Amino acid sequence: MIALLADGAVLPAYRPFIDPIQVHALWWLMLLPLAVGVSMVYKAVRMRDLHGYWLAVLRMTVEIVLGMGLLGVATYLVVEVYVRKMSGG
Amino acid sequence: MPPPPSSQAGAPETFNPAAAVVAAVFPGLGHFHLGQTKRAILITVGVMGLYLTGIAVGGVACVDRRDNFIWFLGQALVGPVTFGLDYVHQNKLKVMVFDPRMQADRLREPYPNEARDPRNGHAIPIIVENGIPVARTADKFVISPAYPSNVKAVPRSNELGTLFTTIAGFLNVIVIIDAAFGVRVERKRKPIATGVSKTLRVPGAAGVGGSGGGSGGGAA
């Protein structure tokens, strides 16, 4: 399956690991697999024994996602509220 | 004081260069070498999961030592798999074009209307004949149907893929250090009440870790 574009460009069917996938609109959702991967490796290295491993991974994943969300909210408030207020807008 | 990483309390941590070397070859192999099989599997799934997710999202163009060298340094920390992927990208997917400014051939990503000549890697323009994309070289070599050998990601996909693969590399550094100073576990040997080797590590076993009996294993 291919797609022929108007300007002559040819787009082949998606080839996994060769072509990118379009995550332009949902890029922020990629935080979740990123947080899971980081938590898995960190807890695998850090935990003394692996009892309760997945619970610890889940907890760290939630902490990362919430932390990043809070950082996003804080950045929004600084840029959209504080900076506008300081600039008199 | 934080607990020692992935080592049993009381057991001495010794430098193990062999574990560090095999850990650098492939994520998790160092802990497997140390006998910590479950931990090795979790590390492999974690690091390679991040790495492969990055390649799946951003495509193979995320790993590029020529055009993206600084990020490549971080990706290279995953191990030889990055160098292999970059070799495929440079030699099997990029196209060779003549650069008039440099007066020499150079490699670049194919444009969406270019195919790659499999004989020498040169770029061939794709034309559409009867609805089928075809590429013809000057010496009558024909590729039909012809596609670009790979598609460079739109910026956000490329950024995400590069980020995922580089973070996988940084995490593997932690893994390599942990393997280098890890404690070896002897496989398939049941712990005995007395005479347990100082280097023997039995995760979760009562009495060995000094937890004072019971089954309560502590989390990090």
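This is a predicted model: local features need pLDDT of at least 70, side-chain atom pairs count only at pLDDT 80 or more; totals for chains, interfaces and linings use all residues.
**Exercise 1. The order of elements in chain B**

Solution: Counting by type, chain B holds 6 helices and 6 strands. As for burial, 38% of the 220 residues of chain B count as buried. Among the contacts in chain B with a separation of 6 or more, 58% are accounted for by residues 24 or more positions apart.

**Exercise 2. The order of elements in chain A**

Task: Determine how the elements of chain A run from the N terminus on, and what share of the chain is buried.

Solution: The elements of chain A run β-β-α-α from the N terminus on, which gives 2 helices and 2 strands. Of the 89 residues in chain A, buried residues make up 25%.

**Exercise 3. The strands of chain B**

Task: Describe how strand 1 and strand 2 of chain B are paired and connected, and then give the order of the strands in the open sheet of chain B.

Solution: Begin with strand 1 (residues 95-99) and strand 2 (residues 104-108) of chain B, which pair in the antiparallel sense over 5 bridges. Within this pair, Met96(B) stands opposite Leu107(B) of strand 2. The two strands form a hairpin with 4 residues between them, and in the turn Gln103(B) has a positive phi of about 55 degrees.

Next comes the open sheet, in which 4 strands of chain B lie in the order 3-4-5-6 with antiparallel pairing. Its edge strands are strand 3 (114-116) and strand 6 (142-143) of chain B, each of which pairs on one side only. Inside the sheet, strand 4 (residues 123-129) and strand 5 (residues 132-136) of chain B pair over 4 bridges in the antiparallel sense, and here Glu129(B) stands opposite Ile132(B) of strand 5.

**Exercise 4. The two helices of chain A**

Task: Decide whether helix 1 of chain A is parallel or oblique to helix 2 of chain A, and say which classes of residue make up their contact.

Solution: The axes of helix 1 (residues 31-46) and helix 2 (residues 53-86) of chain A come within 8 Å and cross at roughly 135 degrees. Because of that angle, helix 1 of chain A is oblique to helix 2 of chain A. The crossing of these two helices is right-handed. Helix 1 of chain A brings residues including Leu31(A), Ala35(A), Val38(A) and Tyr42(A) to the contact, while helix 2 of chain A brings residues including Tyr53(A), Met60(A), Ile64(A) and Met68(A). By class, the residues of this contact divide into 14 nonpolar, 2 polar and 1 charged.

**Exercise 5. Where the chains meet**

Task: Find which element of chain B gives the most residues to the side that touches chain A, and describe how helix 1 of chain A lies against helix 6 of chain B.

Solution: The contact between the chains takes 48 residues from chain B and 35 residues from chain A. On the side of chain B that touches chain A, the elements giving two or more residues are helix 3, strand 4 and helix 6 (155-180). Of these, helix 3 of chain B gives the most, with 14 residues. By class, this side of chain B has 30 nonpolar, 14 polar and 4 charged residues.

Turning to the pair of helices, the axes of helix 1 of chain A and helix 6 of chain B come within 10 Å and cross at roughly 5 degrees. That angle is why helix 1 of chain A is described as roughly parallel to helix 6 of chain B. From helix 1 of chain A, Leu34(A), Val38(A), Val41(A) and Val45(A) meet Phe164(B), Ile167(B), Leu171(B), Ile174(B), Val175(B) and Asp178(B) in helix 6 of chain B. This contact has 9 nonpolar, no polar and 1 charged residues.

**Exercise 6. One residue and its surroundings**

Solution: Val47(B) has its place in helix 3 (residues 37-58) of chain B.

Notes: Residues are numbered from 1 along each chain as its sequence is written. Chains are lettered from A and ligands numbered from 1 in the order in which they are written. Two strands pair if DSSP finds at least two bridges between them. A residue is buried if 20 or more other C-beta atoms lie within 10 Å of its own, exposed if 12 or fewer, and partly exposed in between; C-beta atoms are placed from the backbone. Two residues are in contact if their C-beta atoms, placed from the backbone, lie within 7 Å. Axes are lines fitted to C-alpha atoms, for helices over the stretch in contact, and angles run from 0 to 180 degrees between N-to-C directions. Angles under 35 degrees count as roughly parallel, over 145 as roughly antiparallel, 65 to 115 as roughly perpendicular and the rest as oblique. A crossing is left-handed if the near helix is turned anticlockwise from the far one by less than a right angle, and right-handed if clockwise. Ala, Val, Leu, Ile, Met, Phe, Trp, Tyr, Cys and Pro count as nonpolar, Asp, Glu, Lys and Arg as charged, and the others, Gly among them, as polar.
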